[in-house]
Amino acid sequence: MRYSLLVLNLFLVCMLGYGQDTINSLPEVSVSALEINRLKTLDLTSQTFNREQIILTQPEDLGVIIQKFSGTTLKSYGGVGGLKTVSVRGLGSQHTTFIVDGFSISNTQTGQINLGQIQTDNVESITLSVGGKNGFLLSPSSYINGSTVSVNTFENNFSTDPFKMRLSSKVGSFGEIDNYISLKYGKAKMFMSVFGKYRSANGKYPYSIQNGKTTYNGIRDNNDLVDWYSGFTVGFRLKKEGRLRVICRTNSADQGLPGAIILYNTTANQRLSAQASVVNIDYSQTYKMLFYRLFGSYNHDWLHYTDPYFLNNTGGISAIYTNNLYQGGISFQRLLLNSSAFFGGLETKYSDLTFSTLNTAAPRRLHTFGLIGLNLNRETWKSEVQISAQQIIEENDQGERAKNRLKVNPFLSLEKVEFGKWKWILKAWYRNSFRMPSFNELYYNGVGNTKLKPEQAHQFSLGISARPLEGDSKLNILVNGFANRVENQILAIPTKNLFVWSMQNIGFVNTFGFESRMQINTLHSNRLTTNFTMNYTYQYSVDVSDSHSPTYLNQVAYIPRHIGNFDATIQRKKTGIHFSTTLSSLRYSLTENIIANKIDGFAIMDVSLFTQIKLPVKHALRIQLSVKNIFNSSYAYMRYFVMPGRNYLITLSYAIN
Amino acid sequence: MQSIKILLVILLFAGCKREQMCQSATSPAVMKNGMLVLCEGLFQQNNSTISWVDFTSGGSDDLFFTNKTSRLLGDTGNDMQEYGGKIYLVVNVSSTIEVLDKATGASIKQISMMNGSIAKQPRSIVFNGSKAFITCYDGFVDVLDTASLSITKRIAVGSNPEGLSVSNNKLYVSNSGGLNSPNVDSTISVINLSSLSEIKKITVGKNPGKVVTDSQGDVYVITRGNYSTIPSRMVRINSVTDLVETTFPFEASGIEKMGDNLLISNYNYATSTSNIALFDAVSETISNPSLIDNSQFTTLFGVKYRPSNSKIYCFDAMGFSNTGYVRVFSSSGVYETSYHVGLNPNNIVFYD
């Protein structure tokens with residue numbers, strides 16, 4: 001164990017404080033009759049949940065809701081605010097870009113976002129797109145990664161309504177308390193909003209694990225969380241349809257880190273404090289057929305990790321990490337004839353990282369993105385071509401630096417638009433992308449490797465979508481086949497001794513699979529509606545690094561071969577019941593596919609009852625009771641990070657629209 | 001609701017992959033003609049195991065400990081030694097000492113190695129008379145009474161003690177200081193076995209680990225350096241003078257006593273290459289620089305010599321994240337056979 005305790009724990013927890021520079025919120029209360037039904041055939045490259053669907057699920061955070069999209073695999077370490085990441089179609093989580101209200105959120109220290117600390121209360125919509133440009137006038141970096149998650153929130157959208165309010169209060173199992181308020185004031189020429197949120201939980205949930213032929217029952221310890229969020233936004237409508245927004249947010253959090261459950265040794269003393277501040281500014285304008293947007297932002301993240309019982313000579317660990325990120329650029333779109341468009345942009349990100357202890361590196365990175373693309377739209381087909389170029393310049397004030405990089409990546413798609421009686425859509429696309437190693441992977445003391453190359457990804461996809469039924473009963477179906485290849489996969493292997501693992505480009509992974517979706521929405525008599533959504537993803541994601549290795553053609557660790565979701569809502573007027581089920585087949589904790597590495601599959605069902613109380617126009621009061629993991633199943637995404645059993649959440653929310 | 005759950009589970013597991021089995025032999029009620037192999041597993045996975053290997057059939061049972069005790073061994077089993085008809089297992093992250101009956105494998109006692117709410121994190125064990133001595137990463141050597149199986153004393157040493165060995169009525173303990181990296185320790189604590197207290201610290205070189213006593217009573221220590229600019233070395237201590245007499249100019253990661261010789265193993269993590277040299281501990285020179293060469297291993301993780309048949313048993317960790325092998329060689333280094341075992345094998349107890 002030795003040094004590993006230090007390195008592995010720090011490496012893991014370095015993620016935890018990040019990503020919380022996003023949003024908070026609360027559901028808008030008016031649940032309109034579940035309009036999951038699309039008026040068009042399901043899009044083959046993007047999936048969207050609107051506010052109503054998010055409210056029904058009552059997710060703890062963004063990770064839980066993204067898990068409901070087909071093609072995604074969640075990794076969760078459990079607990080409120082605990083680490084959650086998501087991979088899409090078998091690619092690593094660092095291949096996904098996160099956008100909030102048009103601004104990308106990223107963390108150069110870890111290269112990924114902790115979805116456990118992005119809350120969903122105020123989310124108006126969330127879209128996952130894999131292949132193709134998603135969103136309008138987003139930053140160029142939003143369009144060129146393996147996949148993109150884009151979130152729109154209540155606070156940061158222009159509004160002309162004089163006054164809007166969101167208020168919610170939640171009480172749940174394991175000491176969970178969650179209060180949120182947001183106020184929004186709007187006029188013809190401007191809007192402003194302000195919000196605050198407090199959340200806490202003791203996280204002391206009971207669990208059971210199998211210890212050989214016996215069952216061990218325990219209570220999760222050192223799993224508490226307190227966090228605060230606040231922010232304000234102001235926006236102005238200027239001449240010639242110009243729009244200016246200034247968004248400021250800050251949050252702080254303090255949490256225990258329970259770690260993996262270790263047999264016979266349940267001590268856990270590590271803690272993490274985090275503070276994050278964000279300022280976003282953008283200005284968008286229309287000039288004849290040209291739309292453009294200037295944007296800039298500053299992110300400051302501060303993390304303090306402590307382990308008072310770490311067995312070193314200084315009486316434990318107290319380590320501070322400070323990560324700054326400045327970004328800015330321009331994005332444009334020029335409409336052409338026949339609804340075609342020419343688009344592109346330029347963006348620069350500058351970031352640095354400071355370690356207080358245990359590391360002598362002081363890395364800085366200048367990452368510049370350039371993008372041009374063309375959407376050609378015709379009556380029966382559409383196509384999109386993108387070329388992106390990225391330059392990465394690395395500096396390290398205290399030691400060896402990573403090599404500078406210049407990369408050019410293409411994207412191509414061709415789509416046959418709605419045709420035939422069932423309004424078929426066919427789409428094929430190819431994307432070549434890469435992800436840069438994070439500062440931790442390059443520079444972290446004992447783990448980092450400055451020789452790392454970017455991890456390359458090739459993605460092919462061919463899909464078909466249709467809506468065979470319309471009218472009172474609507475049916476949408478979709479199937480996307482995909483084939484991906486990851487080259488120079490960045491993996492940790494022991495390079496100094498068994499306990500000091502370092503990052504190397506040693507892996508090659510092939511993934512073949514498909515994702516399928518079906519939605520059935522029916523309007524019955526007596527204002528009764530039923531909605532069923534199902535998705536299933538198959539991913540044969542295997543190691544092809546070395547044909548002589550015992551893991552050759554074995555399923556990659558923590559990528560289940562089968563994943564599914566089944567959701568059903570039955571609603572009459574404003575009252576109803578919602579079932580949400582998540583399924584995963586077995587996974588392996590290491591890539592050698594043997595019983596010893598097996599983590600059991602699971603099927604988890606949540607059930608919610610909800611009703612909306614009639615109030616004067618524009619006012620809405622909603623009550624929802626959710627029972628999560630109703631069968632009290634013992635399950636885990638990650639080995640020995642057991643998730644909570646049956647638990648309860650009561651949500652009271654009030655809105656003025 | 002129950003029917004829904006059953007349906008979901010049926011749907012879920014339809015089409016799951018057939019898996020390799022990890023049991024090709026059954027652990028017998030009374031063991032003989034075989035070996036127990038401790039496989040330490042990986043950190044935070046609770047997957048330390050013991051494989052029973054039957055020499056007659058060549059089969060193995062990787063679930064030996066669970067089959068004998070109905071529970072799991074825990075996290076990071078770091079050492080296994082036999083003494084007085086018992087087997088002692090040192091489980092580092094779980095912070096336990098497991099004591100088994102050698103003949104049957106039945107559990108005699110699980111000793112929790114906690115100091116209040118702080119895990120002592122035991123690493124290695126040796127024996128002398130009626131006592132066992134256990135290095136604990138919190139800076140102590142714990143003294144275990146082998147009759148009562150209770151800790152009777154804690155002897156303060158240096159930081160993060162690792163290996164230990166007995167010579168000349170003294171205990172030599174390597175203070176690795178590994179948890180202070182890069183400011184590691186460089187000393188050996190010498191403990192008088194009569195007074196059970198530290199009498200001296202000897203500076204040997206950075207990050208000392210394995211400690212072995214040869215047939216002459218000399219104490220050999222591996223200093224692991226810093227894995228980059230400071231290379232590993234083997235150091236010889238005279239147990240009469242308690243002075244360092246020789247620092248040998250070659251890299252080494254392990255030492256195993258073989259009669260009057262030492263087997264010096266080395267795995268180079270940077271190049272993934274392995275080597276076992278034969279060292280004459282009487283003349284104190286390398287007598288065969290490549291007794292067993294790199295072509296025999298994927299990842300050499302340690303060596304064990306079996307005096308009763310004069311064979312060399314080598315641990316191949318197969319890249320550290322795959323189940324490993326014990327590869328058997330004659331004393332002249334000729335390959336004979338391999339046995340498939342668990343994840344990261346690191347020690348053996350033999351049964352004749």
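This is a predicted model: local features need pLDDT of at least 70, side-chain atom pairs count only at pLDDT 80 or more; totals for chains, interfaces and linings use all residues.
Reader: What makes A:D282 count as buried?

Author: Let's set its value against the cut-off. A residue is called buried if 20 or more other C-beta atoms lie within 10 Å of its own. A:D282 has 23 such neighbours, so it counts as buried.

Reader: Where in chain A is A:D282 found, and which residues is it in contact with?

Author: A:D282 is found in strand β15, which covers residues 271-287 of chain A. Leaving aside neighbours within four places in sequence, its contacts are A:G102, A:R245, A:R293, A:L294 and A:F295. A:L621, by comparison, lies 339 residues away in sequence and 34 Å away in space, C-alpha to C-alpha.

Reader: How do you know whether the radius of gyration of chain A agrees with that of a compact globule?

Author: We start from the chain length. For 657 residues, the globule rule gives a radius of gyration near 26 Å; chain A has 24 Å, so the two agree. Along the principal axes, its C-alpha trace spans about 65 × 50 × 50 Å. Of the 657 residues, 52% are buried.

Reader: And how does chain B compare with the globule rule?

Author: With 352 residues, a compact globule would come out near 20 Å, and chain B has 21 Å, which agrees. The C-alpha atoms of chain B fill a box of roughly 75 × 50 × 40 Å along the principal axes. Buried residues make up 52% of chain B.

Reader: What are the helix and strand counts of the chains, and what share of contacts joins residues 24 or more positions apart?

Author: Chain A has four helices and 35 strands, while chain B has two helices and 30 strands. In chain A, 66% of the contacts between residues at least 6 apart in sequence join residues at least 24 apart. In chain B, the share for residues 24 or more positions apart is 42% of the contacts with a separation of 6 or more.

Reader: Why is strand β30 of chain B called largely enclosed?

Author: Count its buried residues. Strand β30 has seven residues, 345-351, and five of them are buried, so it is largely enclosed by the rest of the structure.

Reader: How do you know that β1 of chain B pairs with β30(B)?

Author: Pairing takes at least two bridges between two strands. Strand β1 (residues 34-39) is joined to β30(B) by six bridges, and the two run antiparallel.

Reader: What makes β1 and β5 the edge strands of the five-stranded sheet in chain A?

Author: Look at the order first: this open sheet runs β1-β6-β7-β4-β5 in chain A, with mixed pairing. Strands β1 (46-50) and β5 (103-105) each pair on one side only, and they are the edge strands. On average, neighbouring strands of this sheet are turned by 20° against each other, direction ignored.

Reader: Which strands of chain A are joined by five bridges, and are they parallel or antiparallel?

Author: They are β4 (residues 96-100) and β7 (residues 147-153), and they run parallel. Here A:T96 has A:S147 in β7(A) as its bridge partner.

Reader: How confident is the predictor in chain A, and where is the pLDDT below 50?

Author: The mean pLDDT of chain A is 89, with 93% of its residues reaching 70 or more. Over residues 1-38, however, the pLDDT is below 50, and beyond near neighbours in sequence this stretch has 155 contacts in the model.

How values were computed. Residues are numbered from 1 along each chain as its sequence is written. Chains are lettered from A and ligands numbered from 1 in the order in which they are written. The radius of gyration is taken over C-alpha atoms; the globule rule is 2.2 Å times the number of residues to the power 0.38. A residue is buried if 20 or more other C-beta atoms lie within 10 Å of its own, exposed if 12 or fewer, and partly exposed in between; C-beta atoms are placed from the backbone. Two residues are in contact if their C-beta atoms, placed from the backbone, lie within 7 Å. Axes are lines fitted to C-alpha atoms, for helices over the stretch in contact, and angles run from 0 to 180 degrees between N-to-C directions. pLDDT is the predictor's confidence in each residue, from 0 to 100.
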